[in-house]
Amino acid sequence: MNRYYLAPLEGITTYIFRNAYHRYFYPMDKYFTPFLVPHSKKGFSAKEKREILPENNEGLYLVPQIMSNHADECLKTIEKLRVYGYKEVNLNMGCPSKTVVSKGRGAGFLAFPEELDYFLDEVFEGISNTDVKLSIKTRLGRDEPEEFFRILEIYNQYPLEELIIHPRVQKDFYKNMPNLEMFAYGAENSKSRVCYNGEIFSAEKYEEIERSFPDVHTFMLGRGILERPDLLGQIRRRERKSEEGEEGFLDIEKLRRFHDRLYEDYRALGMGDKNVLFKMKEIWCYLGKSFPEKEKVLKKIRKAERLEKYEAAVEELL
Ligand SMILES: Cc1cc2nc3c(=O)[nH]c(=O)nc-3n(C[C@H](O)[C@H](O)[C@H](O)COP(=O)(O)O)c2cc1C
């Protein structure tokens, strides 16, 4: 059977989001934290701790993600994660953001293959006497998809738990379409198990990709789930060809409970009304796409400056 992962989305797929999703929609096989950047503090910051505390992630298989180009710092963070019981960690080699890339991290690291190789060598050496498994989430390169030939050669030297490929280059950001030819090359030539990620926004698109790569059995879903939280449920229903549930229609009752749980959990954090509104509006940027005919009320959500206004607008929509 195929396996499904929720993509990490910085600021959005927080432990609050992951828990609400897991409870109300089709559960994922793996969840990933948004990236943690190593720092010199002894433990984790309060925000980082909330993300990784086992009691905040009960019942979910969670893989913490690290973004670093410095083996020592990365190993220290892996060690800190081990204290919380984590035995699997993911390395971010895909973040396209300018501030990250300018520091040679994320997808920026891909432009320095020799350094990347050295980094992985040290990190794998550092964990060789532990039970930690490492996976990588990668783009194809920084500027050109062909960079991936060399990058994959490097990855293939290490015993990766798996290789998650988002087949774009850094300079694509989220434009252009995933490069399926290059993904096919990766799927064929990777020594580790490969997971596909990128632009799956419908069950039809999933099926198209799934059919194109019969040897790939792991799929990571990101923005598609934010837009339609029941996307995986739809995919699974079609796979099982079962009739339960009305295909194509989002269960508004369920969505309402999911929304309320998110909203209440963010409020309970005591982050202030403004920040709660910011968090919720960010989610609506995606979720709103499920309501193309409701632009007027979506605008009310976007414009709400107080919680009461926000609640009234959501009430009207859902
Ligand atoms: C707002 C936002 C935040 C993201 N944060 C992360 C992150 O922390 N770590 C990571 O590996 N990828 C991050 N990504 C990339 C996604 O995990 C995923 O690779 C990308 O969105 C493509 O998948 P999709 O088309 O299914 O969304 C982020 C993407 C977006 C849009």
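1. Basis of the note. Because the model is predicted, local features are reported only at pLDDT of at least 70 and side-chain atom pairs only at pLDDT 80 or more, whereas totals for chains, interfaces and linings use all residues. Residues are numbered from 1 along each chain as its sequence is written, and side-chain values rest on heavy atoms, with hydrogens and water left out.

2. Domains. The chain is divided into domain 1 (3-239) and domain 2 (252-317), with bounds that come from an automatic or database domain assignment. The C-alpha centres of domain 1 and domain 2 lie 28 Å apart, and the contact between them (heavy atoms within 4.5 Å) takes 18 residues from domain 1 and 16 residues from domain 2.

3. Nonpolar core. A nonpolar core is here a set of buried Ala, Val, Leu, Ile, Met, Phe, Trp, Tyr and Cys residues joined through side-chain atoms within 4.5 Å; buried means under 20% relative accessible area, exposed over 50%, and partly exposed in between, with a 1.4 Å probe and protein chains only. The largest such core has 97 residues, of which Leu120, Tyr155 and Trp284 touch the most other members. This core draws at least three residues from each of domain 1 and domain 2. Leaving out residues up to four places away in sequence, Tyr155 touches Met93, Leu110, Leu116, Leu120, Ile136, Thr138, Phe148, Leu160 and Leu163.

4. Helix α12. Helices (H or I, at least four residues) and strands (E, at least two) are DSSP runs numbered from the N terminus. Helix α12 (residues 273-287) has 15 residues and reaches 20 Å from its first C-alpha to its last, close to the 21 Å expected at 1.5 Å a residue, the expected span being 1.5 Å times one less than the number of residues. Its buried residues are Val276, Leu277, Lys279, Met280, Ile283, Trp284 and Leu287. They lie on the same side of α12 because they cover an arc of only 160° around the axis, the arc being that of the directions from the helix axis to the C-beta atoms. The buried residues of α12 pack against α1 (15-24), α9 (223-227), α11 (252-268), α13 (295-303) and α14 (307-317), while the face turned away from the buried side carries the exposed residues Lys274, Phe278 and Cys285.

5. Trp284. This residue of helix α12 is buried, with a relative accessible area of 5%. Not counting residues up to four places away in sequence, Trp284 touches His259, Phe291, Leu298, Ile301, Tyr310, Val314, Leu317 and Leu318. The C-alpha atoms of Trp284 and Glu227 are separated by 8.4 Å, although the two residues are 57 residues apart along the chain.

6. Asn19. Located in helix α1, Asn19 counts as buried at 15% relative accessibility. Apart from its neighbours within four places in sequence, Asn19 is in contact with Asn56, Asn57, Glu58, Leu60 and Arg261.

7. Helix α7. At the start of α7, a side-chain oxygen of Asn179 reaches to within 3.3 Å of the backbone nitrogen of Glu181. Met182, Phe183 and Gly186 are buried in this helix; these residues are on the same side of α7, since they cover an arc of only 105° around the axis. The buried residues of α7 pack against α6 (147-155), β7 and β8, and the opposite face, turned away from the buried side, carries the exposed residues Glu181 and Glu188.

8. Arg193. This residue is found in the loop between α7 (180-189) and β8 (194-197) and is partly exposed, with a relative accessible area of 39%. Leaving aside neighbours within four places in sequence, the contacts of Arg193 are with Tyr5, Lys30, Glu161, Glu162, Leu163 and Thr218. The side chains of Arg193 and Glu162 are joined by a polar contact of 3.2 Å; a polar contact is a pair of N or O atoms within 3.5 Å, where, within protein, one must be able to donate a hydrogen and the other to accept it, and residues adjacent in sequence count only if both atoms are side-chain atoms.

9. Backbone points to check. Most residues other than glycine have a negative phi. Phe173, in the loop between β7 (163-165) and α7, has a positive phi near 50° and counts as partly exposed at 26% relative accessibility. Glu199, in the loop between β8 and α8 (203-212), has a positive phi near 65° and is buried, with a relative accessible area of 16%.
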